Amino acid sequence: MATIKDIAKEAGVSLGTVSNVLNKKHNVSLEKINLVNDAIKKLGYQKNIQASFLKSGGSNQIAVIFPSISSPEYYLLYESLEGHFSPKGYQLNIYLTDNNPSKERLFLEKVSGEGASFLIVVSCLPDANEYKQYFDVKSVKIIFLYREIKNAKYYLGFDYKSILANIIKEIKGIGDKRIGIVSNKKYKIKEDVELVYCSFKHPFDVVKFIRDEHLSSIVTLNIFHAEEIYNAFYFCNQSPPQIYTISHQFSHDERFISYYINYDFIIRNIIHIIEGERLELSHQDKGFLFKKSDILHSSLRILAISSPSIEALRKILPHFKRQTGIQVQIDTVPFISISEVLTNPKQAKQYDIVRLDMERLPLLASYLQPFNFIQQAELASHYSNNLIKRFCLVNDQLYAIPFDPSIQVLFYHKAIFDDMITQRLFYEQYKTDLMPPRTFEEFNRIARFFDHNLMLKSPIRYGTALIDNPEILALEFLVRYYSLANKPILAQDVSAFSREIAFRVLENLAELKDNAVLLHGSWWDKAVECFEKKETAMLMIYSNHYSHLSHNMPSSIGCAPVPGNMPLIGGGSLAIVKGCEKYEEVRLFFEWFLNDEIHDRYVRLGGVSARKNVLMNQALIKQSPWISLIEKINFNGVRENVDAKGHAIDLVKIEKQIGLILFAFLNNQFNTDVAVEKIANIFRNI
């Protein structure tokens, strides 16, 4: 294996120069950077990540000790951890004990010699103190999972007694008062039923036990045991009893009745422990999902604009019909038609539910009916208070449910930003590091760098795109304005609009126009296409407009908060049209849509969501990395759809007026002072 000495010799430079290139220091000439990079490619050198961790006083080794990898709670947990930690430079090593204490001790001895800083263990030993024989527990964090163990500092698991009580209550409700429990541990359950326990050693032994005890219902603690028992009955040519089991991930399987628990809680807390963050102390089981309602043989009609989220909803609606018998029809119309239909009584009575942009929710609330079957406290278990305030409430009354809430995010080509030659060129030109911009002055500087730099060996032609659509130009103005003002314009009785700040924003946009690709009259589609083709280095966009590209988003793309940390909020909610009289159908629809598993499928199909379970789902974060950024931002953004007294304003109209002024300004129809005064007049007249 090549060393840095070999690289230095091949490149004809000093060891210090090689070290500076590897650590991305800026005091190396472009000529020497190229010599070192050519030598690295020729010799196949790979940087020793473990050495970097040791230098910082730690280790990149995470040891994972499981009984097996065949059961979903093990292999899916490992996949999630590997997906989260490997990109950060950690190395996960897995050891399988087969539930053999002697084998576990041999692995502990082996791991202790490998310098792991973290252990994730499903142990078959009785006491965590035994680990002190192998590790300094002050410097090595040992996380025990699923099986309670004495003296464990970190233990993450589930309350199986409570879970079993819920399952037994369900079985008792259908009249069965003698229930088999397949478990090596007995639980005291306070229910008026007889529990018959059987340990799981071999599935055919369980078959004999069930047959001898004449049991019609049994409960297993995991899906793996349920499948083994079912298959054993198949090979015995016998009909199995009703099998209840505990599962972590929804899968339609008519062989079993599954009680779903929240395994994401385990994954998130492992991450919190390793990364030194605060633990989540509570979680909620999902329970039994999708119990069939009485079939209504009815229909609902939804009015919406076309979007990836609407198409995702359309794909899963057959499931709702199967559960309820209710046929749902979605009619998509242009954006402007939504308000036209709602305000026309004859047209509005054709619809039951409407997808409404959040900026128009207060303005059109009088054409909606408030929710009387969902409480705000119930919504708070699914959404943050910020989200509920902006997407659900009008004058503190619940009028809508979040559908595809969105917030502005900055996407950038991380691989190009991290490129040593690109960084060196940027540093030589501006005497500062190349990184995601924190201000719009930095944003313009980066745009100018990529637009004018002909030395870059990349397809990047522009720093970013500027769309001359008036509605989008207004958003470009407002996000820059708020970043400088750091407060809303309508927060006081008198408009707090600042001409000085507006002047600076217009100058910033005029400068950007000279350093960006100008896209004429389009929406965001062309800007996304340019970014995806690597024609632009940065893309500032609402997350819902990027969602259809985010699935399997390459690691070469990074995401960051928008400059100034005052993003604009967008997206929409689902509301009930005022004249709707299908109360039971509407109630069932929203109950179905608020289900965690439905939202999981909806997001996987391209829908946008900001539910808590989505923002913390490691599988979805791996698929759409910007989700974790949305969680951190927590919808702390701006979109002024009411004035200081809470009165609704026509934000769409205001933004269009601002956009038309900006369009004329950028096309040199009048100067900065005139443009500022025209925009000030708009806010003065609100």
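In this predicted model, the chain is divided into five parts: domain 1 (4-43), domain 2 (61-156), domain 3 (160-260), domain 4 (298-407 + 570-633) and domain 5 (420-541 + 639-684). Domains 4 and 5 are each made of two segments. Between the centres of domain 1 and domain 4, taken over C-alpha atoms, lie 55 Å.

Turn next to the second largest pocket. Its volume is about 1,000 Å³. The lining counts 31 residues, and the closest to the pocket centre are Tyr74, Arg147, Asn184, Asn222 and His225. The largest share comes from α9, with 3 residues.

Which domains each supply at least three residues to the lining of the second largest pocket? They are domain 2 (61-156) and domain 3 (160-260). By residue class, the lining of this pocket divides into 14 nonpolar, 8 polar and 9 charged residues.

Helix α30 spans residues 672-684, and Thr672 lies in it. Is Thr672 buried or exposed? Thr672 counts as buried because its relative accessibility is 9%, and buried means under 20%.

What does Thr672 touch, leaving aside its neighbours within four places in sequence? Thr672 is in contact with Phe503, Leu506, Glu507 and Phe665.

Methods:
Residues numbered from 1 in each chain as written. Predicted model: local features only at pLDDT ≥ 70, side-chain atom pairs only at ≥ 80, totals over all residues. Heavy atoms only, no water. Helix = DSSP H or I, 4+ residues; strand = E, 2+ residues; numbered from the N terminus. Buried < 20%, exposed > 50% of the residue type's maximum accessible area, 1.4 Å probe, protein only. Contact = heavy atoms within 4.5 Å. Domains from an automatic or database assignment. 1 Å grid on protein atoms, 1.4 Å probe; cavity = no way out; pocket = protein on both sides within 12 Å on 5 of 7 lines; lining within 4 Å. Points joined across faces, edges and corners; volume = space filled by probe spheres on them. Nonpolar A, V, L, I, M, F, W, Y, C, P; charged D, E, K, R; others polar.
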